[in-house]
Amino acid sequence: MFLEQFPTEGRQNGWIEVVCGSMFSGKTEELIRRLRRAQFANQKLLLFKPLVDNRYHEENVVSHQGTTLKAQAVENAAEILTIWTNERVVAIDEAQFFDDGVVEVANTLAKKGVRVILAGLDMDYLGVPFGPMPKILCIAEYVTKVHAICVSCGNLAQFSHRTAEEKDQVLVGATEKYMPLCRSCYNKTAH
Ligand code: ZN
């Protein structure tokens, strides 16, 4: 399990953490776990998500297990800097849907001493790196890749196989449209 390494008392260093993985790997649950602990310690935090992801509820980041935390939906990454004032923790869920500007936003906040936590899909349903995620992974101090369990064979899964017919890269949905598969089972599918 990821354990934060807080800076020595008196110093406030910013840093960037990433939680990435496939669908059903527990990314959002992990993000929420980190935020809840910060919240319990009375650290001021902001949670953002892109406007594109409006499943379940507009205002909340909702994991598949039903744990919720209030999130602000923003149209682009730059908007995050206009909302931030002095919060110590800034989290961004579904980071793969943001523009490349999210990289600069994360760097800017970390430079100001903020702990930045991003969660997102590392690959799209074709197994291709998703949006700004490769760059985000490069600039982060801490990267956690979480895995789902392959529904076909029970091995660790890292691919989000799309069971629906649609071909757009962005197709928001849960169980009815995707299933987690390991590399071997994914390679046996037509995708
Ligand atoms: Zn498998």
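The questions and answers below go through this predicted model part by part.

Biologist: How many helices and strands does the protein have?
Modeller: The protein is 191 residues in length, and 47% of them count as buried. Among contacts between residues at least 6 apart in sequence, 69% join residues at least 24 apart. The count of elements is five helices and twelve strands.

Biologist: In what order do the six strands of the open sheet lie?
Modeller: The edge strands are β5 (72-74) and β8 (142-146), and each pairs on one side only. Neighbouring strands are turned by 20 degrees against each other on average, direction ignored. The pairing is parallel, and the order is β5-β2-β6-β7-β1-β8.

Biologist: Which residue in β6 is the bridge partner of F48?
Modeller: F48 belongs with β2, a strand that has five of its six residues buried. β2 and β6 pair in the parallel sense over four bridges. The partner of F48 in β6 is I92.

Biologist: And which residue in β5 is the bridge partner of P50?
Modeller: β2 and β5 run parallel and are joined by three bridges. In β5, P50 has as its bridge partner V74.

Biologist: Which residue in β8 stands opposite V19?
Modeller: β1 and β8 pair in the parallel sense, with five bridges between them. The residue opposite V19 in β8 is T144.

Biologist: Is T144 buried or exposed?
Modeller: T144 sits in strand β8. Leaving aside neighbours within four places in sequence, its contacts are F2, V18, V19, C20 and R34. E30 is 114 residues away in sequence, yet 9.6 Å away in space, C-alpha to C-alpha. The relative accessible area of T144 is 18%, under the 20% cut-off, so T144 is buried.

Biologist: Which element gives the largest share of the largest nonpolar core?
Modeller: This core has 30 residues, and I80 and L118 have the most contacts inside it. Elements that give two or more residues include β1 (15-21), β7 (115-121) and α4 (133-139). The largest share is six residues, and it comes from α3.

Biologist: How many residues are in the second, separate core?
Modeller: L47, L69, A71 and V89 are among its members. The total for this core is twelve residues.

Biologist: What is the arrangement of the four donor atoms around the zinc ion?
Modeller: The protein donors are the SG atoms of C150, C153, C182 and C185, lying 2.3 to 2.4 Å from the ion. Their spacing in sequence is C-x2-C-x28-C-x2-C. The donor atoms subtend angles of 103 to 119 degrees, so the arrangement is tetrahedral.

Biologist: C153 and C182 are 29 residues apart. Is C182 buried or exposed?
Modeller: C153 is in the loop between β9 (148-149) and β10 (156-157), while C182 is in the loop between β12 (178-181) and α5 (183-187). C153 has 40% relative accessibility, so C153 counts as partly exposed. C182 has 4%, so C182 counts as buried.

Biologist: What is the phi of F24, about?
Modeller: F24 lies in the loop between β1 and α1. Its relative accessible area is 26%, so F24 is partly exposed. F24 is not a glycine, yet its phi is positive, at about 65 degrees.

Biologist: Where does E94 lie?
Modeller: E94 is a residue other than glycine with a positive phi, near 55 degrees. Its relative accessible area is 8%, so E94 is buried. Its place is the loop between β6 and α3.

Technical notes. Residues numbered from 1 in each chain as written. Predicted model: local features only at pLDDT ≥ 70, side-chain atom pairs only at ≥ 80, totals over all residues. Heavy atoms only, no water. Core = buried A, V, L, I, M, F, W, Y, C linked by side-chain atoms within 4.5 Å. Buried < 20%, exposed > 50% of the residue type's maximum accessible area, 1.4 Å probe, protein only. Donors = N, O, S within 2.8 Å, 3.2 Å for Na, K, Ca; no water. Tetrahedral: all angles 85-135°; square planar, octahedral: opposite > 155°, others 65-115°. Pairing = 2+ DSSP bridges. Axes fitted to C-alpha atoms, helices over the stretch in contact; angles between N-to-C directions. Contact = heavy atoms within 4.5 Å.
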